[in-house]
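Please have the sequence and the model open as I speak.

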Amino acid sequence: MNQGRAESGVASKLGNLHLAFKENKPNVQGDGDFRIESGPFPAHIAWRNFDNKQSEAGKFEFQTTGKYLSWSSSRLASVQTERSDLRQYESRLAYLRKEAAYEDRVINTISEKDFRHFVESQPHLLKGDLVLVDNGNLRAIWENNQGAQIGLQFLGGSSVQFVVFVHRSTGQQITRVTGRDTLIGLLQIIRALDVESLLFK
Amino acid sequence: MTGEDLPESDHIVRYVKPSMIKQNGYADGSTFMLRTDTQNETGLSVNLLEALRDDRSSQLSRVRQTSRLNLRRNGRFAELNVGEVIQRVSDEIDTLRITHDPLTA
């Protein structure tokens, strides 16, 4: 739903939502789930099929217009485009996995799962750097030439440990903000710190 | 000497594993963090270059020869000046100490 604009009891058109599924059946098949994809852009709901082959994935967009809820669906192509960002990391992940093996350790499965989910759920995410922390967790880093940086260690269980370095004003020293939050809570913090441009296109 | 703070003019190096070097070639900051899975870790191990009375190139060579770590070809040594580290970190923490505490041979 649009952020902060959902109103209880007024979405009378929702009663016809099942027709959208029926009419656009090829877009919603198999096992999957609806996910709210948030970010600096208007939040929308996307259907994601659990099948990694993505042969039947689709995308629904819901928008509020006055008191009514309207939706449109688009087919696989756009969803595939959104999910292609993860491919940018595959060679790096393979490299880290190989290096971890030399060090007699592995990448934590739950950390990698959360990282992949984060990248897949944020279609406008810029490509960041990726390292492997001593504890086996993945840590992604986004930074610019002015010293601003966002570092996210994926802890598993949809939690991240974040470290953000941000300039508060031109010429001032960098401020450091650290903490631990959920992946969703993190995005709110990123907005509050006004460092979205480090993460998103 | 043991337990004393190192002079600000001294230099230390810390080995950075390949998996903790970013693709831009720089060490990730997490390489300088205490390991959370090692409860007894209260400090980071580094090599003191000034303990090796030689030119810088030879000092690094000696560090590589005598290191107890499994050094990888694509790993790196991060070289830091003691004084600069103390100054920068003091913006956040004023309890950081870089001390001389050599390992037994």
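Let me begin with a term: buried area is the accessible area, taken with a 1.4 Å probe, that two parts lose on being put together, summed over both. Please keep in mind throughout that what you see is a predicted model.

With that term in hand, the area buried between chain B and chain A comes to about 1,700 Å², and carbon and sulfur atoms give 39% of that area. On the chain B side, the residues that lose the most area to chain A are B:S19, B:K22 and B:Q23, which together make up 32% of what that side buries.

Let me turn now to the helices of chain A. Helix 3 of chain A, residues 87-102, and helix 4 of chain A, residues 109-121, have axes that come within 13 Å and cross at roughly 170 degrees; since angles over 145 degrees count as roughly antiparallel, these two helices of chain A are therefore roughly antiparallel to each other. The crossing of helix 3 with helix 4 is right-handed. From helix 3, A:Y89, A:E90, A:L93 and A:R97 meet A:E112, A:F115, A:R116 and A:V119 of helix 4, and by class this contact holds four nonpolar residues, four charged residues and no polar ones.

Helix 4 of chain A also packs with helix 5 of chain A, residues 183-192, at an angle of about 50 degrees with the axes 12 Å apart, which makes helix 4 oblique to helix 5. This crossing, too, is right-handed. A:D114, A:H117 and A:F118 of helix 4 make the contact with A:L183, A:L186 and A:L187 of helix 5, and the residues of this contact divide into four nonpolar, one polar and one charged.

Key
Residues numbered from 1 in each chain as written. Chains lettered and ligands numbered in written order. Predicted model: local features only at pLDDT ≥ 70, side-chain atom pairs only at ≥ 80, totals over all residues. Heavy atoms only, no water. Axes fitted to C-alpha atoms, helices over the stretch in contact; angles between N-to-C directions. Helix = DSSP H or I, 4+ residues; strand = E, 2+ residues; numbered from the N terminus. Parallel < 35°, antiparallel > 145°, perpendicular 65-115°, else oblique. Left-handed = near helix turned anticlockwise from the far one by under 90°. Contact = heavy atoms within 4.5 Å. Nonpolar A, V, L, I, M, F, W, Y, C, P; charged D, E, K, R; others polar.
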